[in-house]
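Please open the model in a viewer and keep the selection tool at hand. The stops below are meant to be followed in order.

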Amino acid sequence: MRRLKRKTKKYTTFNNVVIFPGTAEFLLKQAHDYVESYQFDLANEKFEEALQYEEGDEFTLSVYAYSLYEAKSFEKAKETCEQLLSIGPTMYLEIMELYLTICMQLKQYKQVEQIITSLLEEGAIPKEQIDKFERLKEINANIAENKEQQEDLQNNLIEIDKDKFSLNNFLQLTSHEQLTAVHELTTTNIRPIVAELKAIIENEKTHPFIKSIVLILLVEQEVNIDIKISKFDKEKMVNPSQMELPTKLPQFINVSRIISEKLEKEPSTLEMVEYLIAKHAIVTYPFEWLDFDEEDVALGYIDLVRTMFGHVQEMDYELVDFLQKLEMLTELQEV
């Protein structure tokens with residue numbers, strides 16, 4: 001009589017612990033369910049556990065990277081994106097956009113600029129998306145440059161060249177040279193040249209952005225002097241010792257609050273909008289956004305940034321046109 005062989009099941013082991021068939025699949029299902037209900041921390045725990053037992057496929061790693069990003073686990077999200085990109089995902093561009101957004105959250109602006117440059121040179125970006133990536137590259141380059149300038153100013157105390165700030169000599173400089181000269185005063189006691197700085201602000205030929213930067217310098221050092229400032233067809237008498245900085249003004253605070261509420265689940269868009277309003281609050285200072293309504297301003301910035309990312313939608317074109325003019329002024333262009 002022939003003996004029947006007993007069928008045996010094969011079990012996976014992990015650290016000498018038996019893993020029953022279907023365990024990883026069950027954990028991944030839980031993870032996906034948590035993602036769909038926006039419970040990203042719980043989802044990430046399940047993903048991490050499941051990926052100990054089996055190698056993740058493209059779909060699993062994509063959702064895991066997104067979930068890590070939403071949970072603000074940016075370092076892990078970056079590593080997961082790098083793992084995905086190394087296997088050449090079918091949704092390469094979407095993963096790359098997420099990767100660049102994560103790098104921005106980590107303030108790795110130079111890296112973002114370099115990656116986009118490489119993608120453009122390699123022709124890896126579809127024609128219809130080239131403008132979007134070029135704008136993203138430009139914004140990152142500007143942020144990186146501003147960061148470097150701030151670090152340089154913190155590390156260097158500059159002796160004041162008083163002649164440079166006499167009105168005639170100052171106006172002979174280009175706008176970019178003027179900006180550099182004013183930035184060099186950040187770590188210096190400016191009281192010996194207060195009269196020169198007042199003349200620069202009050203002169204109609206001074207660029208609006210330069211006027212604001214000089215005024216902010218006086219506010220930061222609480223200089224007690226009356227100044228008449230004119231821009232955007234408005235005029236105002238101010239005293240820097242009694243003024244708040246642009247980011248402390250009521251309209252800026254309210255616009256920022258509205259934007260934060262509306263973009264709570266869009267952190268990358270939120271960061272870009274916050275960057276723009278911080279710049280533009282400087283150029284309009286001390287007038288803020290003139291006669292525009294606060295909620296309209298907030299929505300205008302959101303529309304502007306979404307347009308930069310290729311989204312087509314209805315918008316207040318008069319307001320968006322004004323915001324674009326502010327952007328040009330922050331780049332020291334004349335409008």
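Begin with the cysteines: a search of the whole structure finds 0 disulfides, a disulfide being a pair of cysteine sulfur atoms within 2.5 Å. The model is predicted, so local features need pLDDT of at least 70 and side-chain atom pairs count only at pLDDT 80 or more, while totals for chains, interfaces and linings use all residues. Residues are numbered from 1 along each chain as its sequence is written, and side-chain values use heavy atoms, with hydrogens and water left out.

Select C81 and C103. The sulfur of C103 has its closest cysteine sulfur in C81, 8.4 Å away, which is too far for a bond. C81 counts as buried because its relative accessibility is 0%; C103, also at 0%, counts as buried. Buried means under 20% relative accessible area, exposed over 50%, and partly exposed in between (1.4 Å probe, protein chains only).

Next, select I193, in the loop between α9 (175-183) and α10 (194-202). Helices are DSSP runs of H or I with at least four residues, numbered from the N terminus. I193 counts as buried, because its relative accessibility is 0%. Which residues is I193 in contact with, leaving aside its neighbours within four places in sequence? They are I160, K162, F165 and L185, where contact means heavy atoms within 4.5 Å. I193 and K162 are 31 residues apart along the chain, yet their C-alpha atoms are separated by 6.6 Å.

Now display helix α11 (residues 208-220) with helix α13 (residues 267-284); they pack at an angle of about 90°, with their axes 7 Å apart. Axes are lines fitted to C-alpha atoms, for helices over the stretch in contact, and angles run from 0 to 180 degrees between N-to-C directions. That angle makes α11 roughly perpendicular to α13, a term for angles of 65 to 115 degrees. To see the contact, select P208, F209, S212, I213 and I216 of α11 together with K279, I282 and V283 of α13.

Finish at helix α15 (residues 317-330). Its 14 residues should span 20 Å, and its end C-alpha atoms are 20 Å apart, which agrees; the expected span is 1.5 Å times one less than the number of residues. Colour L319, V320, F322, L323, L326, E327, L329 and T330, which are buried in α15. The buried residues of α15 pack against α11, α13 and α14 (294-308). Just after α15, L332 takes a positive phi of about 65°.

Terms used:
Helices (H or I, at least four residues) and strands (E, at least two) are DSSP runs, numbered from the N terminus. Angles under 35 degrees count as roughly parallel, over 145 as roughly antiparallel, 65 to 115 as roughly perpendicular and the rest as oblique.
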